[in-house]
Amino acid sequence: MSDNPPKTRVVVLGGGTAGWMSAAALAKLLGPLVSVTLVESEDIGIVGVGEATLPHIRGFVERLGIDEATFMQATHATYKLGIDFRDFGRLGERYVHPFGTFGEEVAGVPFHHYWLELQRQGLAQEIGAYSLAVAASLADKFQLPTADAALTSTYGYAYQFDATLFGPFLREHATGTLGVERLEGKVIEARQDPESGDVTTLVLESGQEIEGDLFVDCSGFHSLLLGGTLGEEWEDWSQWLPNDRAAALPCAFVRDEIEAYTRCIGMPAGWRWRIPLQHRVGNGYVFASQFISEDEACSVIKAAVEGEPLAEPRVLRFRTGRRKASWRKNVIGVGLSSGFLEPLESTSIYLSQMAITYLIELFPQAGRIDPRDRDEFNRLVDLEYDRVRDFLILHFHATTRNDSEYWNYLRTMPVPDSLAEKMALWREAGRVEKYSDGLFYDASWIAVYIGQGVLPERHDTRAQLPDPDQIARAMKGLRAAIESEVAAMPGHRAFLAANAQRLATAP
Ligand SMILES: Cc1cc2nc3c(=O)[nH]c(=O)nc-3n(C[C@H](O)[C@H](O)[C@H](O)COP(=O)(O)OP(=O)(O)OC[C@H]3O[C@@H](n4cnc5c(N)ncnc54)[C@H](O)[C@@H]3O)c2cc1C
């Protein structure tokens with residue numbers, strides 16, 4: 001390899017969350033192998049929602065060399081320990097999907113089998129009582145997890161941040177520290193090589209031309225290059241995930257404490273989110289326009305928010321599905337340009353992060369795209385999308401709600417075979433499909449299955465081997481340990497205030 005390999009000229013189209021995440025990560029992690037130019041148009045703007053994240057984002061922020069406390073302060077971020085689902089499985093019921101585990105495996109048998117056994121005997125508390133992340137969430141407490149093997153290491157956390165501030169924060173970092181060049185302007189044309197069909201040049205309204213070797217399409221729902229120029233086909237998943245609109249409405253705080261979780265509340269024609277940030281609460285009604293009108297959804301969200309509304313409701317329209325391939329020719333779609341699964345489990349930023357990670361791992365050597373790398377990228381991205389899709393559908397399908405046409409449709413619709421098989425595996429013997437990477441491991445599926453009232457017909461018989469009193473005592477001990485840990489944790493607001501104080505007094 002030569003001392004100075006030629007730089008691959010990467011052009012990122014779009015400066016929303018996906019665009020700035022891509023530009024910053026490529027510049028930071030590929031360093032001298034690339035030159036990165038990002039073009040964005042302030043006239044077009046960004047989608048400006050996407051406030052709740054998954055724990056993976058911490059690694060992303062860290063790998064960019066960003067200090068967590070500084071980032072949280074700049075984006076008015078709070079900590080997130082999970083999602084509180086209300087009125088999903090059944091009206092009036094609630095459960096938390098935690099970023100953490102329930103109990104621990106004993107003699108090779110996962111904890112939930114012991115719980116099911118105890119439950120069969122009528123001796124178990126709700127499964128959430130055996131999760132530190134759930135207990136801390138419900139008590140509005142927060143503490144950083146430890147890295148040892150103690151109970152305090154059994155959870156993770158993510159952030160809830162102001163979506164309009166995350167991109168600009170990354171922009172400052174990318175242009176100030178990582179050498180990304182930013183151009184302002186509206187792209188009106190993409191020129192292609194007449195033989196290969198590869199995109200060669202973006203032309204701005206001003207007439208400026210931007211040449212590149214690799215184009216990362218982060219143009220949001222416009223999907224200017226991947227969907228537009230290259231005409232990559234759209235795979236529609238709205239038959240399983242019919243929500244196609246959201247009415248977003250921020251409001252002021254009315255509570256003293258800040259919840260360390262996102263709330264998702266089932267509604268007659270969709271669901272609504274409540275995401276507490278440091279300075280306000282984000283709210284939105286995600287709905288299916290075939291079951292409720294936009295005007296009605298706006299009225300519903302206005303009436304539902306707890307604090308004084310800080311704006312008028314803003315309606316966003318979207319389609320659920322993905323482009324058949326995210327990487328086609330020399331264009332890689334990241335973010336909304338490659339697909340969108342509705343925001344119930346805050347997975348969109350994660351999907352951007354994974355696409356960026358895979359792109360970096362499979363990055364063309366010396367500017368030459370190996371079709372096998374491209375196929376592998378598409379395979380990995382497909383896998384991520386499929387798993388997220390199935391997990392999302394589970395929340396809507398595994399319900400007893402029959403109070404509206406919307407829930408009747410979801411409850412009775414046929415689901416993808418892949419999900420039907422997972423549910424059959426669970427229903428039969430409490431087993432969860434295993435995979436070693438990707439999103440949503442056992443604890444997530446268990447939380448949603450049990451939370452939505454889907455209990456297996458039987459469980460691992462090995463859970464009946466120990467003396468029942470011994471299991472009951474161990475479970476009681478675990479609950480007591482969790483309660484004691486939670487009691488010792490500071491309130492979430494107090495923890496955030498201590499962070500801010502540390503930052504203010506840092507040398
Ligand atoms: C209702 C809703 C709720 C959501 N909630 C969550 C959530 O809680 N968690 C989560 O992870 N995700 C969530 N998302 C998804 C999240 O908002 C997106 O993943 C994230 O904002 C990334 O968007 P983006 O950068 O792909 O697109 P955008 O923000 O739309 O950015 C597109 C960029 O392309 C530029 N552009 C477009 N056309 C041109 C042109 N011709 N010339 C120049 N520039 C152009 C625009 O100016 C902009 O800079 C939600 C989405 C919706 C719709």
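Reader: Where is the place of Asp87?
Author: Happy to start there: Asp87 sits in the loop between β4 (82-86) and β5 (94-98), where strands (E, at least two residues) and helices (H or I, at least four) are DSSP runs numbered from the N terminus. This is a predicted model, in which local features need pLDDT of at least 70 and side-chain atom pairs count only at pLDDT 80 or more, while totals for chains, interfaces and linings use all residues. Residues are numbered from 1 along each chain as its sequence is written, and side-chain values use heavy atoms, leaving out hydrogens and water.

Reader: Why is Asp87 called buried?
Author: Buried means under 20% relative accessible area (exposed is over 50%, partly exposed in between, with a 1.4 Å probe and protein chains only). Asp87 has 17%, so Asp87 is buried. Asp87 also has a positive phi of about 60°, although it is not a glycine.

Reader: And what makes Ser346 count as buried?
Author: Its relative accessibility is 9%, so Ser346 counts as buried. Ser346 lies in the loop between β21 (339-340) and α9, and has a positive phi of about 55° without being a glycine.

Reader: Why are α1 and α9 called roughly parallel?
Author: The axes of α1 (residues 17-30) and α9 (residues 348-361) cross at roughly 30° and come within 10 Å. Axes are lines fitted to C-alpha atoms, for helices over the stretch in contact, with angles from 0 to 180 degrees between N-to-C directions. Angles under 35 degrees count as roughly parallel, over 145 as roughly antiparallel, 65 to 115 as roughly perpendicular and the rest as oblique. The two helices, α1 and α9, are therefore roughly parallel.

Reader: What makes the pair of Tyr157 and Tyr159 edge-to-face?
Author: Rings of Phe, Tyr and Trp (its six-membered ring) pair if their centres lie within 6.5 Å; planes under 30 degrees apart are stacked, over 60 edge-to-face and the rest tilted. By this rule there are 30 aromatic pairs. For Tyr157 and Tyr159 the centres are 6.1 Å apart and the planes at 75°, so this pair is edge-to-face. Both tyrosines, Tyr157 and Tyr159, are buried, and they belong to one aromatic cluster whose members include Phe71, Tyr79 and Phe495.

Reader: How do you know that α13 is largely enclosed by the rest of the structure?
Author: In helix α13 (residues 442-451), nine of the 10 residues are buried, so α13 is largely enclosed. Among them are Trp445, Ile446 and Tyr449. Just after α13, Gly453 takes a positive phi of about 85°.
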